[in-house]
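User: I would like to learn how to read the contacts in this structure. Can we take the features one by one?

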Amino acid sequence: MRRRVAIVGLALVLPASAHHGQDFLVAIDAGVNRPWEIRTTFGGEFSDYGNFEENSLIHSVILGLPNNLTLINILRSADDEEGSWNTLSTTPMLQWTAPSPGLGGVMSSLRFAVAAGWEISLNGGRDHRHDHGSPSFVDCSSLVAIPPALLACQLANQNAANHTHGGDGHAHDGIHRHGQSHGFLRLVAELNPTPQDRLVFNTITVFPEDDAVQWGYATAYRRRFDDHWATGIEAIGDLDANGEHLLYLTGTVYLGSQFSATFGAATGLTQNSPDFTLQTLISWRF
């Protein structure tokens, strides 16, 4: 219990973006940094899969370049349940934001971008699979004469089965290749229908080293209420109904134009998703 409390506290106090966002947690926006402007983010993520947990810390450096280009490098260190924090990767990434299409009305704010990069495992390309063996089931046969107790016993067994994540251990697949060497491409669309509202949508393509091409999505909405506070909702998942899908509620605090902190809590929407995830992103421009 103490370990879980410590991990949750770490995710809230030392944050960053595990999915390579800039202003959002899991979606990439179409924003452009001024040439040679530097921005850095710090953060962390805690995910609970029922019978194991994952934790990560991330630091990224974002450099604005001429011609609407942005160069990003992300360093990720993770504890993938073994307590050793020996999963390490670096992700160079380049983003180009297209010129405004020049539409009128609400669509005048529409922007498009393309982001591509490669996550490089720095510790041998581990497959990030956790083998927890078969779940422990209770023999309910002796409770047949006591229907409420029998039902409770069966529900307990069902819950244990639901947390096996396939029975062979949990492996990140689909677009969720944390800690594995892979390439990725995101097509980004962003719309600001009002000065207070932002809508972002990403299509995600992942190129694993030893698997077929994978597809997914990320989307985000944020409402800014004043100079200091915004709330929003984000989602990320595979283009597979049985893949990993996460839905986030987020809050963002702004301290001037150079510093912001976003906090998010997510629930998994499928059996292969985490039961819940806590994630944060601290961003500093200088």
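Analyst: Phe276 has a relative accessible area of 30%. Buried needs under 20% and exposed over 50%, so Phe276 is partly exposed. Keep in mind that this is a predicted model.

User: Which aromatic pair does Phe276 form, and how is the pair described?

Analyst: A pair of aromatic rings is described by the distance of the centres and the angle of the planes. Here Phe276 pairs with Phe46. The centres are 5.8 Å apart, and the planes stand at 55 degrees. That makes the pair tilted. The structure holds one aromatic pair.

User: Where do Phe46 and Phe276 lie in the chain?

Analyst: Phe46 is in strand S1 (residues 38–48), Phe276 in strand S14 (residues 276–285). The pair therefore ties together parts that are 230 residues apart in sequence. Phe46 is buried, at 0% relative accessibility.

User: How are the strands arranged?

Analyst: Strands of a sheet pair through backbone hydrogen bonds, either parallel or antiparallel. Here twelve strands form a closed barrel with antiparallel pairing. The order is S1-S2-S3-S4-S5-S8-S9-S10-S11-S12-S13-S14. From one strand to the next, the twist averages 20 degrees.

User: How many bridges join S3 and S4?

Analyst: Ten bridges, in the antiparallel sense. S3 covers residues 69–79 and S4 residues 87–97.

User: Now charges. How many salt bridges are there?

Analyst: Side chains of opposite charge can pair when their charged atoms come close. The count here is eight salt bridges. Among them is Asp23 with Arg198, with the closest N and O atoms 3.3 Å apart. Asp23 lies in the loop between helix H1 (2–13) and S1, and Arg198 in strand S9 (residues 197–208), so this pair ties together parts 175 residues apart in sequence. Both Asp23 and Arg198 are buried.

User: What else does Arg198 pair with?

Analyst: Arg198 also forms a salt bridge with Glu190, at 2.8 Å between the closest N and O atoms. Glu190 is buried too, as is Arg198. Salt bridges with shared partners join Asp23, Arg39, Arg111, Glu190 and Arg198 into one network.

User: Is Arg177 buried or exposed, and what is its salt-bridge partner?

Analyst: Arg177 is buried, at 7% relative accessibility. Its partner is Asp211, with 2.9 Å between the closest N and O atoms. Asp211 is partly exposed, at 41% relative accessibility.

User: Which rings have an arginine over the face?

Analyst: Arg222 lies over the face of Phe24, 4.4 Å from the ring centre. Arg224 lies over the face of Tyr254, at 3.6 Å from the ring centre.

Technical notes:
Residues numbered from 1 in each chain as written. Predicted model: local features only at pLDDT ≥ 70, side-chain atom pairs only at ≥ 80, totals over all residues. Heavy atoms only, no water. Pairing = 2+ DSSP bridges. Helix = DSSP H or I, 4+ residues; strand = E, 2+ residues; numbered from the N terminus. Axes fitted to C-alpha atoms, helices over the stretch in contact; angles between N-to-C directions. Phe/Tyr/Trp six-rings, centres within 6.5 Å; stacked < 30°, edge-to-face > 60°. Buried < 20%, exposed > 50% of the residue type's maximum accessible area, 1.4 Å probe, protein only. Lys NZ or Arg CZ within 6 Å of the ring centre and 35° of its normal. Salt bridge = Lys/Arg side-chain N within 4 Å of Asp/Glu carboxyl O.
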